[in-house]
Amino acid sequence: MPKSKRNRPVTLSKTKKKPGLERKGKVVAEIKDAIDKYSSAYVFTYDNMRNQKLKDLREQLKSSSRIFLAGKKVMQIALGRSPADEAKTGLHKLSKFLQGDSGLFFTNLPRDDVERMFREFEEHDFARTGSTAAETVELKEGPLEQFTHEMEPFLRKQGLPVRLNKGVVELVADHVVCEEGKPLSPEAAQTLRLLGIQMATFRLYLVCRWSCDDFEVYKEGLMHLGADDSS
């Protein structure tokens, strides 16, 4: 005999909030706090993001600034997307530039110091699979003395035409690891790492700046963001 639907138990406990919503709410609150705490705000974009390098920068600037990398809509909500809902006059202008790879930078540092810091910031690292090769790397036929004989099978798996010659890893023919302007394969990225060749440069670019009495757009940053300043 089928069970009656009327006899189903009903829980009276409150529904727990989803962790994602709580996290988004916390970010909105932190951005609103930053709006009150800092004198200016910037939208920035970046190339070749490296989380540890960004963490180091955050630590370096924690006494004067705050960096946010969160969902674009979450950051826009915190700032306001129109004059009617903006947290402070003019802040909604930042929102339309929060697109693609972008974040928020709040600071009490003078504008000149911020511009110089972003202009000079540059951290080199190994390129990842799919990145565009910055140069052509070609290995010439002959011994690869930087590798031990135990590396020979692994190098072969990366597509290098190698063999052992009296215990020395030897390239039996010229080999192009990567070509400038073309995406790196997983094997090419791994080989470049083994060779110690760093092709990726983590850079930051200012897109626009807001303060209580001013708003400015940076053309170079806008170009890297891929936005259109005509809108």
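**View 1. The largest pocket holds about 240 Å³ of space.** A pocket is an open set of points on a 1 Å grid over the protein atoms alone, with protein on both sides within 12 Å along at least five of seven lines. The volume is the space filled by probe spheres set on the points. The 13 lining residues (an atom within 4 Å of a point) include F118, R119, L204, Y205 and E220, the closest to the pocket centre. Helix α5 (111-120), strand β10 (200-211) and helix α8 (219-225) each give two or more residues to this lining; helices are DSSP runs of at least four residues (H or I) and strands of at least two (E). The model is predicted: local features need pLDDT of at least 70 and side-chain atom pairs pLDDT 80 or more, while totals for chains, interfaces and linings use all residues. Residues are numbered from 1 along each chain, and side-chain values use heavy atoms, without hydrogens and water.

**View 2. The largest nonpolar core has 24 residues.** Such a core joins buried (under 20% relative accessible area, 1.4 Å probe, protein chains only) Ala, Val, Leu, Ile, Met, Phe, Trp, Tyr and Cys residues through side-chain atoms within 4.5 Å. Helix α1 supplies the largest share, 5 residues. L94, among the residues with the most contacts inside the core, is in contact (heavy atoms within 4.5 Å) with residues including A41, V43 and L79, leaving aside neighbours within four places in sequence.

**View 3. An open sheet has 3 strands in the order β6-β8-β7, with antiparallel pairing.** Pairing requires at least two DSSP bridges between strands. β6 (142-143) and β7 (162-165) are the edge strands. P143 has E170 in β8 as its bridge partner.

Terms used: 1 Å grid on protein atoms, 1.4 Å probe; cavity = no way out; pocket = protein on both sides within 12 Å on 5 of 7 lines; lining within 4 Å. Buried < 20%, exposed > 50% of the residue type's maximum accessible area, 1.4 Å probe, protein only.
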